[in-house]
Amino acid sequence: MRRLTRPTTPDGAVIGASASPGTGMVHLGLGNFHRAHAAVYTAQALAAETGDWGIYGFANRSPEVVAAMRAQDGRYAVLEYSDHGRRAGVVDVHRALGVLADEPDSFVAAVADPRHRILTLTVSEVGYCRSPRTGALDVNLDEVRHDIADPTHPRSTIGLIARGLAVRAAGGAPITVLSCDNLQSNGHATRAVVTEFLHASSASEDVLAFVADHVSFPNSMVDRIVPATTDETRTAVAELLGVDDRCPVPAEDFTMWVLEDAFTAGRPAWERAGAVLSDEVHAYELVKLRLLNGSHSLIAYLGLLDGRATIAEAWAQDFVKDAVRACIAADYLPTITLPRGFDTDSYLESLSHRWANAELGHRTSQVGTDGSVKLLQRIPEPALSALRAGRVPHLLALTVAGWICTVAPPPGFDPGPYAGEVREPARHRLAAVTRGATGPREHALAVLDNGFLPDDLTAQPAFGERVAELVATITRSGITAAAREATAATEDRTTL
């Protein structure tokens with residue numbers, strides 16, 4: 001079978017429109033999410049309104065996707081799963097490619113190039129180099145320490161972005177840095193860590209003024225379930241398009257993007273591709289971070305500990321549905337001011353439908369990855385809201401207990417066949433702080449006492465004790481018993 005390239009792309013298969021030869025944007029993080037989300041919106045925007053918005057895309061470390069895309073003239077297929085079956089289309093908006101770890105100078109030069117008017121980011125929560133306890137730049141990270149000492153040869157994501165902006169400052173061309181990651185107030189967070197890095201690394205007043213006055217950091221909310229690519233993905237694309245694609249992306253049919261319209265140097269007509277330009281990004285963001293992402297974490301850890309490989313398999317279990325629905329109703333919805341005109345019932349129905357999409361094959365281990373970072377965006381604020389109102393957030397405590405039992409199981413507890421697939425950057429530190437714990441409760445409290453959650457939350461004895469009790473129940477009686485007990489306590493509106 002012929003390899004997917006420009007000449008072999010089937011007629012009518014290109015999604016939206018192909019980008020022009022030049023590049024107007026730089027993107028960092030060539031993983032599946034970017035390629036199924038912002039890249040698709042860009043292709044569809046170009047079909048509605050032309051412009052020089054080709055993307056110069058950089059993978060963080062892995063050369064595989066870059067090699068595959070280069071061999072395919074920058075093209076790849078998005079395989080979409082819906083109730084109506086499968087369909088595949090080809091995205092053609094990437095005009096240059098690189099690997100950040102191998103060519104950091106090329107990335108810095110691309111950010112500094114005045115032809116590039118937007119830098120977009122999908123580097124995951126870990127990439128922002130933030131302290132889990134404060135949310136500020138984590139100056140204790142080895143890469144950050146190195147970059148502060150030698151900012152002209154950076155290694156960290158934030159150091160490299162800051163270096164690109166510092167070089168750009170000499171010419172003064174404005175640019176927008178657009179985070180497309182699941183961080184609360186992601187634009188504000190990105191501006192904060194970049195500015196903190198510049199101060200820490202003794203950037204000049206000219207550079208600081210340039211970033212303050214000529215670099216915008218819009219907030220955004222991104223939403224699309226995009227699983228990992230498998231052999232089945234490649235086979236399905238071959239069947240539908242008749243070409244061999246080495247880097248296709250599977251995705252659900254649902255997609256959403258809400259943006260602040262704060263772009264200092266222009267942007268594609270993303271609103272004509274369905275993006276929402278809104279002054280209520282924060283409200284949409286909280287809906288997504290808590291109702292979708294927070295619930296997703298709970299589904300993942302319950303499913304992993306119940307031996308379920310995929311989100312759909314986990315969601316099919318009644319005890320999981322009961323726990324998640326109770327969590328949304330009691331622990332998440334009361335903490336959100338909804339966007340104007342938001343239809344809560346319709347949104348919750350869509351979530352259930354998305355989680356039940358078995359064709360996606362979205363693995364619980366993928367959703368459970370990076371829990372030590374993701375949970376910081378999803379648990380502390382709603383948990384504190386409940387505690388301050390005099391109520392124990394049982395199911396938020398269950399989410400934390402599920403994470404602990406999955407990635408740092410107490411001695412003698414088997415977290416199931418898929419827990420080992422979960423990537424957890426804090427796994428070694430978790431093992432260190434729990435070493436010597438005399439039982440499940442003490443094991444859980446050792447985690448909570450060592451900075452994995454913010455101090456103002458762990459200072460609340462009721463939350464720590466509840467997490468510890470649930471870890472003990474999971475290890476003693478299993479995840480189903482723990483989830484049912486937490487759900488029942490929530491429905492009883494147990495108070496402090």
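Analyst: The account below begins with the salt bridges and then turns to the chain around them.

The model is predicted, so local features require pLDDT of at least 70 and side-chain atom pairs count only at pLDDT 80 or more, while totals for chains, interfaces and linings use all residues. Residues are numbered from 1 along each chain as its sequence is written, and side-chain values use heavy atoms, with hydrogens and water left out.

Side chains of opposite charge can pair when their charged atoms come close. A salt bridge here is a side-chain nitrogen of Lys or Arg within 4 Å of a carboxyl oxygen of Asp or Glu. Under this rule the model has 26 salt bridges.

One of them joins R86 to E239, with the closest N and O atoms 3.3 Å apart. This pair connects distant parts of the chain, since R86 lies in strand 4 (residues 85–91) and E239 in helix 9 (residues 231–241), 153 residues apart. Helices (H or I, at least four residues) and strands (E, at least two) are DSSP runs, numbered from the N terminus. For the setting of each residue, buried means under 20% relative accessible area, exposed means over 50%, and partly exposed lies in between, with a 1.4 Å probe and protein chains only. R86 counts as partly exposed because its relative accessibility is 37%. E239, at 56% relative accessibility, counts as exposed.

Helix 9 also holds T233. With a relative accessibility of 3%, T233 counts as buried. T233 and D245 are separated by 12 residues in sequence, and their C-alpha atoms are 9.4 Å apart in space.

A second salt bridge brings together the side chains of R95 and D92, at 2.9 Å from N to O. R95 is partly exposed, its relative accessible area being 21%. D92, in contrast, counts as buried because its relative accessibility is 0%.

E381 is partly exposed, with 47% relative accessible area, whereas R290 counts as buried at 2% relative accessibility. Elsewhere, salt bridges with shared partners join R6, R75, D92 and R95 into one network.

UniProt positions are given in the numbering used here, feature names are shortened, and annotations may be inferred rather than shown by experiment. An unreviewed UniProt entry lists residues 25–271 as "domain: Mannitol dehydrogenase N-terminal". Over residues 25–271 the chain is 36% helix and 21% strand, and the end C-alpha atoms lie 17 Å apart. The unreviewed entry for "domain: Mannitol dehydrogenase C-terminal" gives residues 281–404. Over residues 281–404 the chain is 72% helix and 0% strand, with 32 Å between the end C-alpha atoms.

S185 sits in the loop between strand 7 (175–179) and helix 7 (186–200). Although S185 is not a glycine, its phi is positive, at about 50 degrees. S185 is buried, with a relative accessible area of 19%. S202 is placed in the loop between helix 7 and helix 8 (205–214). The phi of S202 is near 60 degrees, again a positive value in a residue other than glycine. S202 counts as exposed because its relative accessibility is 65%. P114 is in the loop between helix 4 (104–112) and strand 6 (118–121). At 53% relative accessibility, P114 counts as exposed. Between P114 and E271 there are 157 residues of sequence separation and 24 Å in space, C-alpha to C-alpha.

Patches are made of residues with over 30% relative accessible area and no salt bridge, where like charges are joined within 9 Å and nonpolar side chains (Val, Leu, Ile, Met, Phe, Trp, Tyr) within 5 Å. Lys and Arg count as positive and Asp and Glu as negative, with His and the chain ends not counted. On the surface, D318, D322, E491 and D492 gather in a patch of negative charge. Of these residues, D322 is located in helix 12 (residues 318–332). D322 counts as partly exposed, at 41% relative accessibility.

Key. Areas by Shrake-Rupley, 256 points an atom, 1.4 Å probe, with all protein chains shown as cover. Charge placed at Lys NZ, Arg CZ, Asp CG, Glu CD.
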